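Colleague: I've got a model open and I'd like to learn how to read it. Can you walk me through it?

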Amino acid sequence: MDDLFQTEVKPEAKFWSEPKWINLTNLNLRKGDHIITIRNDGKGYNDIDSIAIIETSKFQEQKSKILRAIKESETPIVYLLEAEINFLENPCSKWNYKKYPYNDYLIYPEEAATEKTELYIPKEGSYQFFARVLKGPECGVLRLLVDGKVLNASCYAENPGFEWLNLGSVYLSQGAHEIGVCAEGYVELDLIAVASIKNGKQLNSLGELFQGSFEKPTVNFEKLNPCEYRVHVKAEESFILVFSDAYHPLWRAILDDGTEVKPVNLYHLVNGFFINRTGEFNLTVRFIGQDYVDLGFKISLVTFISVLGMLAIPERTYLRVRRRLASLKRAIYRRF
Ligand SMILES: [Ca+2]
């Protein structure tokens with residue numbers, strides 16, 4: 001700032017994840033123009049999106065206002081810590097990541113090691129910890145360290161499958177806390193959920209947090225085939241139709257007026273369709289992947305024919321064909 005060195009940042013992480021705000025510095029500035037210089041030392045990339053400068057008192061005032069609102073609220077607090085974002089900040093980590101089809105990134109230990117992250121608790125109280133893991137016959141025990149307190153859960157299962165593990169609760173004061181992961185044996189961790197609990201009353205599952213008090217809609221369904229379900233609904237309020245099939249972005253809920261609703265997969269806590277309609281009505285839940293299979297065959301056929309043709313035609317005709325193909329492609333994209 002004004003040619004005076006202030007701070008340096010090395011935003012390197014093992015997992016290339018997401019933009020993040022970093023608190024840089026706190027300065028006393030006189031009224032008038034100032035010059036900010038940013039410099040890269042030539043040893044790697046820096047991607048900067050924005051720099052925000054806020055008057056300290058305004059920032060503190062806003063922060064206290066938010067903390068007060070959280071403290072006074074009766075609503076439970078839920079943190080979702082993606083394992084790959086929170087525990088792979090160390091570029092030399094002994095943990096690594098992999099992608100699991102139609103799921104998310106999972107982290108696993110290449111050798112015994114603990115990785116840590118910081119969690120800010122805005123309201124003191126008991127917090128219960130859950131971990132979404134891929135269980136399997138080769139798996140051992142996941143260890144979570146909360147300020148040094150050890151929480152254990154077994155990841156062993158005869159048949160592989162995802163499961164939310166209940167790790168138990170810890171009393172946490174307001175402020176920053178250290179969360180570490182380590183394992184005895186092999187584990188595959190997707191995500192950690194931390195939920196505030198009232199009067200030490202433990203939750204049996206994360207789902208308990210999402211149980212509404214209103215009259216539940218009545219739902220009857222009939223399976224037409226593995227890709228299509230007919231659903232009859234009677235609802236007094238808008239609701240989320242929870243679909244227990246494995247999440248896939250190509251499932252759709254289609255209302256009787258033709259409205260298509262795409263599925264939500266909110267960290268595997270809520271997996272279904274938000275239906276903003278009340279009354280008694282019918283809808284269809286359909287896997288539209290089959291449409292893509294049919295369309296994909298047609299596109300392949302078109303591509304095949306045009307490639308064959310292009311080898312034998314003059315350039316002018318080729319350009320005209322290329323323009324036509326581009327408009328055909330646009331038409332196909334518009335359809336979806
Ligand atoms: Ca994950």
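Modeller: Start with what a contact is: two residues are in contact if their C-beta atoms, placed from the backbone, lie within 7 Å. Keep in mind that this is a predicted model. Take Leu-189: leaving aside neighbours within four places in sequence, it is in contact with Ala-83, Leu-106, Ile-107, Ala-131, Val-133, Leu-142 and Val-181.

Colleague: And what share of the chain's contacts with a separation of 6 or more comes from residues 24 or more positions apart?

Modeller: That's 66% in the protein chain.

Colleague: Which residues have the most contacts inside the largest nonpolar core?

Modeller: Leu-189 again, along with Ile-107, Phe-129, Ala-131, Val-133, Leu-142 and Leu-144, in a core of 31 residues. Strands β2, β3, β5, β6, β8, β9 and β10 each put in at least two residues, and β5 (125-135) gives the largest share, six. Apart from this one there's another core, of eight residues, including Phe-273 and Val-285.

Colleague: How many helices and strands are there?

Modeller: Four helices and 18 strands. For the helices, the general idea is that an α-helix has 3.6 residues a turn, so residues three or four places apart point the same way. Here, α1 covers residues 56-72 and reaches 24 Å from its first C-alpha to its last, close to the 24 Å expected.

Colleague: Why does α1 lie largely in the open?

Modeller: Because the number of buried residues among its 17 is zero. A residue needs 20 or more other C-beta atoms within 10 Å of its own to be buried.

Technical notes:
Residues are numbered from 1 along each chain as its sequence is written. This is a predicted model: local features need pLDDT of at least 70, side-chain atom pairs count only at pLDDT 80 or more; totals for chains, interfaces and linings use all residues. The expected span of a helix is 1.5 Å times one less than its number of residues. A residue is buried if 20 or more other C-beta atoms lie within 10 Å of its own, exposed if 12 or fewer, and partly exposed in between; C-beta atoms are placed from the backbone. A nonpolar core is a set of buried Ala, Val, Leu, Ile, Met, Phe, Trp, Tyr and Cys residues joined through C-beta atoms within 7 Å.
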